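Subject: Handover of the structure, with notes on what was found

Dear colleague,

I am passing the structure below on to you, together with some notes to read beside it. Please have the sequence and the model open as you go through them.

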Amino acid sequence: MMDAATLKDPRVLRHSVLDFRQMSAFVQSPLIFDRAEGVHYWDIDGKHYYDGISGIFNVGLGHGNQRVIKAITDQLNRLCFAPPLHGANSRAIELCARLAEIAPGDLNTVKLVSSGSEATEVAMKVCRQYWKQAGKPTKYKIISRYYGYHGATMGALAATGTPARRVPFEPYPTGYIHIPTVHCYRCPYEKSYPECRVFCAEYLRQVIALEGPDTVAAFIVEPIGNTGGILVPPPEYLPIIRRICDEFDVLLIYDEMITGMGRTGKMFGAETFGVTPDILCLGKGLSSGYAPLAAAIWSDRVQEAFWGPEEAHIEFGHGHTYAGNPVCAAAGLACIDEILERDLISRANELGAHLRMRLGEMAERYGIFGEVRGKGLLWGIELARDPSTREPFDEALRVGKRIGAVCQEGGLIIRHDPDWFAMAPPLTSTVEQVDAMCAILDASIAQVMEEL
Ligand SMILES: Cc1ncc(COP(=O)(O)O)c(C=O)c1O
């Protein structure tokens, strides 16, 4: 094993590529995690950090959960791999059945994969193949939202709506269309809720009509958008979207990587907003970071188009070596048991209310929180120079990024962007731990404000 000095040596580090990071900057002061327990991380120098963002919105159960670790090690000893081209395995079958049981409505058919990007790719491929087999082969377009993030692979990126992520890899396959997102604080249409009558949702109707309903396969949406700063829609938004999709026979896909598995105060964002999609994508919290696991779960109506005689060749044409891996499935089953048996969903609501209160205190104290928004234990803070006028900070100041960096120096990991930051601690956190995180955040904001 390499010692700490070797691990931090830029000549060694330069062989690595981190997600979305400029490595020349990273090697100057690298953060190298070494171990974790509960809500705590330690880096290779022994420095302590609170995990204010549950890994990256995934480690809902906290680190070092012994039930999940035991499920994984037991499974490793029994069957670590089964070839998905040849057969199923008991853990994967159990997990699919379990997900069908807890998913809302008639979302009863589950395709297991290893990452969120794969799950959204699966969902979009299911839609295209579905319409071909349902007798409407011209329906192929996928509509998504600017600011939406659906993954890093080419199909998922084509649906992604953040320019920084998309543009370097253009061009994309045809048939991907974007509409503005829901963002009541900075409405892309410069309207105000509720007088707007949720125009941003109604706009989908226009786009489908103009594209031609016979060409549109699906609309994909995160119930709460992460990119852009935890964009919570008004209560009417998803019901309107559902109605429009039904009107034009367009399938509705939810990307619940972040909103799923108890994070928003119910098991799924679909339940938080009371609107069920045709396909629900899960990842992240499904295995709480213990194993690469994600899933797309679709309705009976969709599944019917894939169920028939062998000679019809209508099976879903998609696979991965690690799809339905038994070790990952064992992790997923243990995570679901933990969430339900420990009632971590109620806890998400209680802790979320506490975190919201602490953030409210900071909003008063510093006067730079334009909006605090979220659900359950998922909270985002949009920064504003003057919350009364919504005047933003000069972008070049990168206030959110600076707050995030000072938090990290002070021992707290949060999600941060130039004009917003987010907190989503593990659902297993205690009130005292959330308070300790907030104390670091509070001091970090004070420091950044002094420097501005
Ligand atoms: C909403 C959403 N969709 C999809 C993805 C992609 O998941 P993964 O990184 O596991 O491929 C992410 C990852 O951050 C996400 O937040």
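Where is Pro 171 found? Before turning to that, please keep in mind that this is a predicted model. Pro 171 is found in the loop between helix H9 (163-166) and S6, and the peptide bond that joins Glu 170 to Pro 171 is cis, with omega at about 5°. A cis bond also runs from Tyr 193 to Pro 194, where omega is near 5°, and Pro 194 belongs to the loop between S6 and H10. Another backbone detail concerns Phe 20, which has a phi near 50°, a positive value in a residue other than glycine; this residue lies in the loop between helix H2 (10-13) and helix H3 (23-26).

The seven-stranded sheet

S6 leads on to an open sheet of seven strands, which has mixed pairing and the order S4-S10-S9-S8-S7-S5-S6. Its edge strands are S4 (107-113) and S6 (176-179), each of which pairs on one side only, and neighbouring strands are turned against each other by 20° on average, direction ignored.

H10, for its part, lies across S5, S6 and strand S7 (216-221), and runs at about 150° to S6.

Helix pairs

H10 (residues 199-211) also packs with helix H11 (residues 237-247), at an angle of about 15° and with the axes 8 Å apart. Angles under 35 degrees count as roughly parallel, and H10 and H11 are therefore roughly parallel to each other. Their crossing is right-handed, and the residues that make the contact include Leu 204, Arg 205 and Ile 208 of H10 as well as Ile 240, Ile 241 and Ile 244 of H11. Sorted by class, the contact of H10 with H11 has nine nonpolar, no polar and three charged residues.

H6 packs with H14 at an angle of about 35°, again given with axes that are 8 Å apart, and H6 passes H14 in a left-handed crossing. Among the residues that meet here are Leu 95, Arg 98, Leu 99 and Ile 102 in H6, and Ala 329, Leu 333, Ile 336 and Leu 340 in H14. The residues of the contact of H6 with H14 divide into ten nonpolar, one polar and four charged.

The axes of helix H15 (residues 344-366) and helix H17 (residues 431-451) come within 10 Å and cross at roughly 20°, which makes H15 roughly parallel to H17. H15 passes H17 in a right-handed crossing, with Leu 351, Leu 355, Arg 358 and Met 362 of H15 among the residues that meet H17, whose own residues in the contact include Val 434, Cys 438, Leu 441 and Ile 445. By class, the contact of H15 with H17 has twelve nonpolar, one polar and four charged residues.

Aromatic pairs

How many aromatic pairs does the count come to? The count comes to eleven aromatic pairs. One of them is formed by Phe 81 and Tyr 322, whose ring centres are 6.0 Å apart and whose planes stand at 80°, so the pair is edge-to-face. This pair links distant parts of the chain, 241 residues apart: Phe 81 is in the loop between helix H5 (66-78) and H6, while Tyr 322 is in the loop between helix H13 (300-304) and helix H14 (326-341).

The four-stranded sheet

An open sheet of four strands, in the order S11-S12-S15-S14, has antiparallel pairing. Strand S11 (369-375) and strand S14 (415-417) stand at its edges, each with a single partner strand, so one side of each is left without a neighbour in the sheet. The twist in this sheet averages 15° from one strand to the next. S14 and strand S15 (residues 420-423) pair in the antiparallel sense over three bridges, and Arg 415 stands opposite Ala 422 in S15.

With kind regards

Methods: Residues are numbered from 1 along each chain as its sequence is written. This is a predicted model: local features need pLDDT of at least 70, side-chain atom pairs count only at pLDDT 80 or more; totals for chains, interfaces and linings use all residues. Side-chain values use heavy atoms; hydrogens and water are left out. Axes are lines fitted to C-alpha atoms, for helices over the stretch in contact, and angles run from 0 to 180 degrees between N-to-C directions. Helices (H or I, at least four residues) and strands (E, at least two) are DSSP runs, numbered from the N terminus. Angles under 35 degrees count as roughly parallel, over 145 as roughly antiparallel, 65 to 115 as roughly perpendicular and the rest as oblique. A crossing is left-handed if the near helix is turned anticlockwise from the far one by less than a right angle, and right-handed if clockwise. Contact means heavy atoms within 4.5 Å. Ala, Val, Leu, Ile, Met, Phe, Trp, Tyr, Cys and Pro count as nonpolar, Asp, Glu, Lys and Arg as charged, and the others, Gly among them, as polar. Two strands pair if DSSP finds at least two bridges between them. Rings of Phe, Tyr and Trp (its six-membered ring) pair if their centres lie within 6.5 Å; planes under 30 degrees apart count as stacked, over 60 as edge-to-face and the rest as tilted.
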